[in-house]
Amino acid sequence: QVQFGESGGGLVQPGGSLRLSCAAAESIFSVAAIGWFRQAPGKEREGVSCISSSSSDRYYADSVKGRFTISKDNAKNTVYLQMNSLKPEDTAVYYCAAEEWAAVRAMCAIDHPIPTWGQGTQVTVSS
């Protein structure tokens with residue numbers, strides 16, 4: 001049984017789409033804000049998108065607004081990141097993370113220790 005982890009990365013051409021999945025145990029999923037972060041070689045980690053435990057609040061980094069959508073499936077204890085209109089600069093290792101009772105803007109936009117991380121999945125956007 002997966003405690004916490006990502007899937008769905010791969011190689012895609014510019015303009016294409018990918019959907020990342022983050023599966024979590026019920027004990028995490030029900031109380032934690034869950035976010036997607038990415039890190040490209042030589043760059044700092046970036047908070048891409050975060051969603052509250054109730055799904056009422058969502059945060060998107062300016063770099064992905066209008067192109068990425070975060071969502072939750074409570075029946076599957078899974079958070080998705082739908083990525084459309086992908087650009088080469090979206091190339092990075094994408095991680096999902098969980099933080100209990102976190103505010104989504106604080107979780108995504110303020111650098112601070114986050115207790116739970118997945119192993120990461122590579123997304124490469126290239127022709």
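Reply: What follows describes the disulfides, then the nonpolar cores and the salt bridges.

The model is predicted, and a search of the whole structure finds 2 disulfides. Counted along the chain, the bonded cysteines pair in the pattern 1-3, 2-4.

Cys22 belongs to strand β3 and Cys96 to strand β9, so the link connects distant parts of the chain, 74 residues apart. The torsion about this S-S bond is about 70°, so the disulfide is right-handed. Both Cys22 and Cys96 are buried.

The other pair is Cys50 and Cys108, whose sulfur atoms are 2.1 Å apart. This link is also right-handed, with 95° about the S-S bond. Because Cys50 lies in strand β5 and Cys108 in helix α2 (residues 104–109), the pair ties together parts 58 residues apart in sequence. Cys50 is buried, with a relative accessible area of 0%. Cys108 has 7% relative accessibility, under the 20% limit, and therefore counts as buried.

Next, the nonpolar cores. The largest has 29 residues, of which Phe4, Trp36, Phe68, Val79, Leu81, Met83 and Tyr94 touch the most other members. At least two residues of this core come from each of β3 (18–24), α1 (26–29), β4 (32–39), β5 (46–51), β7, β8, β9 and β11 (121–125). A second, separate core of 10 residues includes Cys108, along with Ala33, Tyr59 and Ala97.

Finally, the charged pairs. The whole structure holds 5 salt bridges. Arg67 and Asp90 meet in one of them, at 2.7 Å from N to O. Arg67 is in the loop between β6 (58–60) and β7 (68–73), and Asp90 in the loop between β8 (78–83) and β9 (92–100), so this pair ties together parts 23 residues apart in sequence. Both Arg67 and Asp90 are buried. Another salt bridge links Glu46 with Arg38, the closest N and O atoms being 2.8 Å apart. Arg38 counts as buried at 7% relative accessibility, whereas Glu46, at 25%, counts as partly exposed. These four residues, Arg38, Glu46, Arg67 and Asp90, are linked in a network of salt bridges. Lys65 and Asp62 also form a salt bridge, 3.2 Å from N to O, and Asp62 is exposed at 67% relative accessibility.

Definitions and conventions:
Residues are numbered from 1 along each chain as its sequence is written. This is a predicted model: local features need pLDDT of at least 70, side-chain atom pairs count only at pLDDT 80 or more; totals for chains, interfaces and linings use all residues. Side-chain values use heavy atoms; hydrogens and water are left out. A salt bridge is a side-chain nitrogen of Lys or Arg within 4 Å of a carboxyl oxygen of Asp or Glu. Buried means under 20% relative accessible area, exposed over 50%, partly exposed in between (1.4 Å probe, protein chains only). Helices (H or I, at least four residues) and strands (E, at least two) are DSSP runs, numbered from the N terminus. A nonpolar core is a set of buried Ala, Val, Leu, Ile, Met, Phe, Trp, Tyr and Cys residues joined through side-chain atoms within 4.5 Å. A disulfide is a pair of cysteine sulfur atoms within 2.5 Å.
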